Amino acid sequence: MLTRSYSASVLGVEGFVVTVEADVGLGLPGLTLVGRASGALMEARERVRSALGHCGHKLHPRKQVVNLAPADERKDSPGIDLAVACALLASHEVVPAERLQGLMLWGELSLDGSLRPAAGTLVIADCARRMGFTSLAVAEASADEAAVLGGLAVLPVRDLPQLVAHLRGDREIGAHAANDPPPRPPRELHDLEDVRGLVLARRAIEVMAAGGHNVLLHGPPGVGKTMLARRAIGLYPPLDDEAALEVTKIFGVAGLRAVDGLVREVPLRAPHHTVSVAGLLGGGPFLRPGEVSLAHRGVLFLDELPEFSRGCLEALREPLEEGVVRIVRARGSVGFPARFQLLAAMNPCPCGFLGHPDRTCVDNPAAVLRYQQRVSGPLLDRIDVAVSVTPARPESCARPTHRSRARRCGPA
Amino acid sequence: MRTRVTRARARQLARLRGTPWRTNAEVPAAAGSIERLCALTPAAERLLAATAEHRGWSPRTQHRLRRVARTLADLADDDRCPRAPAAEADVAQALHLRALPEAE
Ligand SMILES: [Zn+2]
């Protein structure tokens, strides 16, 4: 009997429906997976076979073929396991095939039949909702994430026997009630009012937060460039619904954190200058979003800008211009959203003290020029606001608000 | 300071209503959008043009200056209409906020 079940796979930060067709026929006993399955899915065959056996669902020793559609798209996630198992169970008439209609199945099977969460549940839930599914079965640990959007009955599944009992109508699984996420401790919001002696830099940060501009801070080390970046985030309003969904999906696909509600805080990412191009842009065998996407709708802070590899600096141009980064794969390319604001910081020269009021630069002019040229041209062309951050001078502290500040501004 | 930022964002949203953009930085140069949505007073236009000529700026750089001037006008502590063009003082401050590192 030919039966169908439904799952989904993640491509970039969007999901697409995967239809699983199982058939039992004549031929040598065995289980064959057809359809462009990645290595992860070939392991799925073993997991599904073991889980079914462990749960006492003895399948007839017959030829079984499982077909995954669309055939031309790579399906990476072990989250498809559950749908493969259910299609097989239906083809053996262990569960009624019609119970699999309108139900999206998402989870990785352990060898003993328990269900494990798979990354990207929010993307899958969004896909299921948009494609008209009425319910979504996921591992218990994923239920909160699946219920974030609403509009779907979310079935938390502990293990395969529990789902079989549900599908047979023996013992229904109750839909997971959307949890109000536990109130997060409000992020410590630093305003910039307490940053003295950095008048221009404060203005630059204010302009950045207000108008969405890209900013470059340059100046000697130790004047608070990094501190300014961290404070800048406190000036942003919370993400609106649309932006929050985009950001939460990216975080979920990256497996960054447990998703129990939409991310409302504006992201700040600060990769070290040793980051690889793949780490910055995304990619890798599992097609993970990179730093530019993790900073989507937020701020990408690149300290020591000239120290980043030339490849990284070049690679920033496309997302800065397009708000999206395209990862080229063997077949076609995948776009990840990457509409971030760039906040860059750099020293004025390799030693850091060019133009310093009290210190002397020890670099020769050619070295300074080489250093500055590393970020010149196309990248600087995308900077809207550039200010020199200078060490606080006594006169900029003329109006101390309390004693400790007054002391700090005294002659050093 | 956060209050000013919040108000500036609201002014942008009011001005950009009906467009796909939410911030001044997103307004594209194409099809006159930037001249319409980041308008300058005649005096401000003259200052921008003169500086651009003096420093040999590309149109792209001029557009960046224009957007920043618009944001500075949105941040201003006055109750000017969000559609009023940005003033000469806003352009002057935007120029001040464009000090790229230089080999001295
Ligand atoms: Zn130096």
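Guide: A residue of this predicted model is called buried when its relative accessible area is under 20%, exposed when it is over 50%, and partly exposed in between.

Visitor: With that cut-off, what share of the residues in chain A is buried?
Guide: The secondary structure of chain A comes to 14 helices and 18 strands. Chain A has 412 residues, and counting those under 20% relative accessible area as buried gives a share of 52%.

Visitor: Among contacts in chain A between residues at least 6 apart in sequence, what percentage join residues at least 24 apart?
Guide: A contact here means heavy atoms within 4.5 Å. Taking the contacts in chain A between residues at least 6 apart in sequence, the part that joins residues at least 24 apart comes to 72%.

Visitor: Which element of chain A has the lowest mean pLDDT?
Guide: Chain A averages a pLDDT of 83, and 86% of its residues score at least 70. Over residues 394-412 of chain A, however, pLDDT stays under 50, and the model has ten contacts beyond four places in sequence for that stretch. Where pLDDT is low, the predicted coordinates should not be read in detail. Among the elements of chain A, the highest mean, 96, belongs to helix H10 (residues 291-294), and the lowest, 38, to helix H14 (residues 403-408).

Visitor: Which strands stand at the edges of the open sheet of five strands in chain A?
Guide: The open sheet in chain A has the order S11-S14-S17-S10-S18, with parallel pairing. A strand at the edge has a single partner strand, so one side of it is left without a neighbour in the sheet, and this applies to S11 (268-269) and S18 (385-388) of chain A.

Visitor: Which residue of S14(A) stands opposite Arg269(A)?
Guide: S11(A) and S14(A) run parallel and are joined by two bridges. Across this pairing, the residue of S14(A) that stands opposite Arg269(A) is Leu300(A).

Visitor: How many of the six residues of strand S17 in chain A are buried?
Guide: In a regular strand the side chains alternate between the two faces of the sheet. For S17(A), Gln341(A), Leu343(A) and Ala345(A) lie on one side and Leu342(A), Ala344(A) and Met346(A) on the other, and both faces are covered. Strand S17 (residues 341-346) of chain A is mostly covered, and the count of buried residues is six.

Visitor: Which residue stands opposite Met346(A) of S17(A)?
Guide: S17(A) pairs in the parallel sense over four bridges with strand S14 (residues 299-302) of chain A, where Val299(A) stands opposite Gln341(A). S17(A) also pairs in the parallel sense over four bridges with strand S10 (residues 215-218) of chain A, and there the residue opposite Met346(A) is His218(A).

Visitor: Is Glu246(A) buried, partly exposed or exposed?
Guide: Glu246(A) lies in helix H8 of chain A and, beyond four places in sequence, touches His296(A) and Arg297(A). Its relative accessibility is 22%, and buried would require a value under 20%. Glu246(A) therefore counts as partly exposed.

Visitor: Is Arg36(B) buried or exposed?
Guide: Arg36(B) has its place in helix H2 (residues 33-37) of chain B, and its C-alpha atom is separated by 9.3 Å from that of Pro85(B), 49 residues apart along the chain. Exposed requires over 50%, and at 56% relative accessibility Arg36(B) therefore counts as exposed.

Key:
Residues numbered from 1 in each chain as written. Chains lettered and ligands numbered in written order. Predicted model: local features only at pLDDT ≥ 70, side-chain atom pairs only at ≥ 80, totals over all residues. Heavy atoms only, no water. Buried < 20%, exposed > 50% of the residue type's maximum accessible area, 1.4 Å probe, protein only. Pairing = 2+ DSSP bridges. pLDDT = per-residue confidence, 0-100.
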